[in-house]
Amino acid sequence: LPFPPHFVSSSSLPSPTPRLKLRLTPAGERAVRSGHPWIFAESIREQNRDGQSGELAVIYTRESNRYLGTGFYDANSPMRVRMLASTQQTTINTDWWQARLNTAVAARASLVSPATTGIRLINGESDGFPALVLDRYHNTLVLKLYSEVWLPHLDMIQALIVDSLKPDALVLRLSRNAAPAFAAADITEGIRHGQCSEVVVFLEDNLRLEAEVLKGQKTGFYLDQRENRRRFAGFTTGAHVLNAFSFSGGFSLQAARGGARSVTDIDISRHALAAGDRNFALNQDNPTVANTQRHSIQADAFQWLANPQHTFDAAVIDPPSLARRESDRTSAIAAYHKLAITASRHVRGGGLLLCSSCSAHVSADEFFNAVRRALPDARELWTSTHAPDHPAAFPEAAYLKAIALRLASVGRFRNR
């Protein structure tokens with residue numbers, strides 16, 4: 001069948017050439033109808049011409065030539081189309097993006113307060129902004145782009161964010177995949193609007209924390225663990241606390257706020273430990289933080305945990321992803337099982353162990369069950385997944401999970 005002539009417009013990407021039109025395989029059509037935000041290259045059965053990254057691609061059904069959806073074409077990615085709309089024809093323009101931004105911000109209104117000024121405002125596809133996240137640190141916004149599809153739309157989305165949210169500064173960060181295309185257009189990471197320092201101080205429950213907005217990991221801080229940090233702090237009164245893979249000490253600082261007697265941070269990065277030092281220094285006017293002894297050890301946390309020399313009343317184990325790809329899944333599950341056992345040997349009987357995973361290729365159930373099998377005599381206190389400002393609207397977006405256990409005073413796992 002010939003493609004239908006009708007047209008879906010985009011005010012931010014005028015097209016003098018015919019609109020890019022696609023038909024998909026049966027599996028691709030099913031994915032679109034189910035609401036999945038990605039169409040992979042192998043699912044494209046037919047297209048009327050070559051596409052350029054960032055232009056709108058309109059998808060039609062194979063047999064009836066009916067409209068199926070619209071998305072950003074990503075010419076150099078196996079995720080060839082990043083869906084924007086489906087089932088109903090629409091005009092993708094500034095007003096359309098404004099409505100999506102308003103919806104995302106409104107959904108988080110109850111999470112922001114004078115005491116907490118660090119929050120994710122847009123979480124990629126799950127908020128209808130494929131390959132884009134927007135984080136707020138006090139009055140500075142950090143926009144991180146994970147695909148070159150945003151290159152022709154950068155000015156539009158930047159103006160929309162600045163006009164709507166009126167930040168003191170807007171910082172652009174780029175993933176390694178996206179950076180080359182932006183560099184070819186003479187666009188690099190940095191401040192795009194206003195002014196800010198390399199390190200921005202924001203609040204989490206009235207605790208001051210640093211976000212390294214220009215050069216730090218992710219957008220400068222790990223906002224996704226905020227709820228787990230809060231909950232963990234409720235179990236740390238009078239406790240000696242271990243924080244393995246500590247990064248800049250967010251769990252430790254919340255534990256100190258909760259009344260911990262001491263916190264010990266283990267991280268391989270001297271830079272991360274120094275950030276933890278600064279975060280504690282920022283909060284010395286808080287009596288409970290000031291009364292907490294802090295120790296930091298630069299070490300490979302995996303190796304340090306494998307040689308138990310000290311025991312603690314509570315521990316949090318939050319390693320980097322152990323499954324970077326699907327082929328790593330089985331080995332990662334085994335590694336989480338082993339890590340729970342080795343970590344438990346650093347926790348006194350009756351103590352608390354919080355294990356976390358950020359591996360998207362390991363499901364929540366797989367992770368929880370690996371930890372449960374490792375510690376069969378422990379009492380499960382809670383499990384958690386994504387924070388409210390980090391929604392996961394499709395399976396591949398679900399990466400974060402944590403499980404908290406009260407260890408038995410005497411148990412089989414102690415001698416494993």
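Leaving aside neighbours within four places in sequence, which residues is N228 in contact with? They are F251, L354, W382, S384 and A402. Keep in mind that this is a predicted model.

**N228 and helix α5**
- N228 sits in helix α5, which covers residues 226-233.
- One of the contacts of N228 is F251, and F251 is itself a buried residue of helix α6.

**Helix α6 and what follows**
- Helix α6 runs through residues 250-257 and is mostly covered, with seven of its eight residues buried.
- The buried set is G250, F251, S252, L253, Q254, A255 and A256.
- Just past the end of α6, G259 has a positive phi of about 100°.

**How α2 and α3 pack**
- Helix α2 (residues 94-107) packs against helix α3 (residues 154-165) at an angle of about 50°, and their axes lie 11 Å apart.
- That angle makes the pair oblique.
- The crossing of α2 past α3 is right-handed.
- On the α2 side, the residues involved are T94, W97, Q98, L101 and V105; they meet M156, L160, I161, S164 and L165 of α3.
- Sorted by class, this contact has seven nonpolar residues, three polar ones and no charged ones.

- You'll find N65 in the loop that links β4 (56-60) to β5 (67-73).
- N65 is buried, since its relative accessible area is 15% and the limit for buried is under 20%.
- In sequence, N65 and R23 are 42 residues apart, while their C-alpha atoms are 8.7 Å apart in space.
- The side chains of N65 and R23 are joined by a polar contact of 2.6 Å.

**The β12-β13 loop**
- Most residues other than glycine have a negative phi.
- D205 is not a glycine, yet its phi is positive, near 55°.
- D205 is placed in the loop between β12 (199-204) and β13 (207-212).
- N206 is found in the loop between β12 and β13 too, and N206 also has a positive phi, about 70°, without being a glycine.
- Where does N206 stand on accessibility? At 53% it counts as exposed, because the cut-off for that class is over 50%.

Note on methods: Residues numbered from 1 in each chain as written. Predicted model: local features only at pLDDT ≥ 70, side-chain atom pairs only at ≥ 80, totals over all residues. Heavy atoms only, no water. Buried < 20%, exposed > 50% of the residue type's maximum accessible area, 1.4 Å probe, protein only. Helix = DSSP H or I, 4+ residues; strand = E, 2+ residues; numbered from the N terminus. Axes fitted to C-alpha atoms, helices over the stretch in contact; angles between N-to-C directions. Parallel < 35°, antiparallel > 145°, perpendicular 65-115°, else oblique. Left-handed = near helix turned anticlockwise from the far one by under 90°. Contact = heavy atoms within 4.5 Å. Nonpolar A, V, L, I, M, F, W, Y, C, P; charged D, E, K, R; others polar. Polar contact = N/O pair within 3.5 Å; in protein donor to acceptor, adjacent residues only side chain to side chain.
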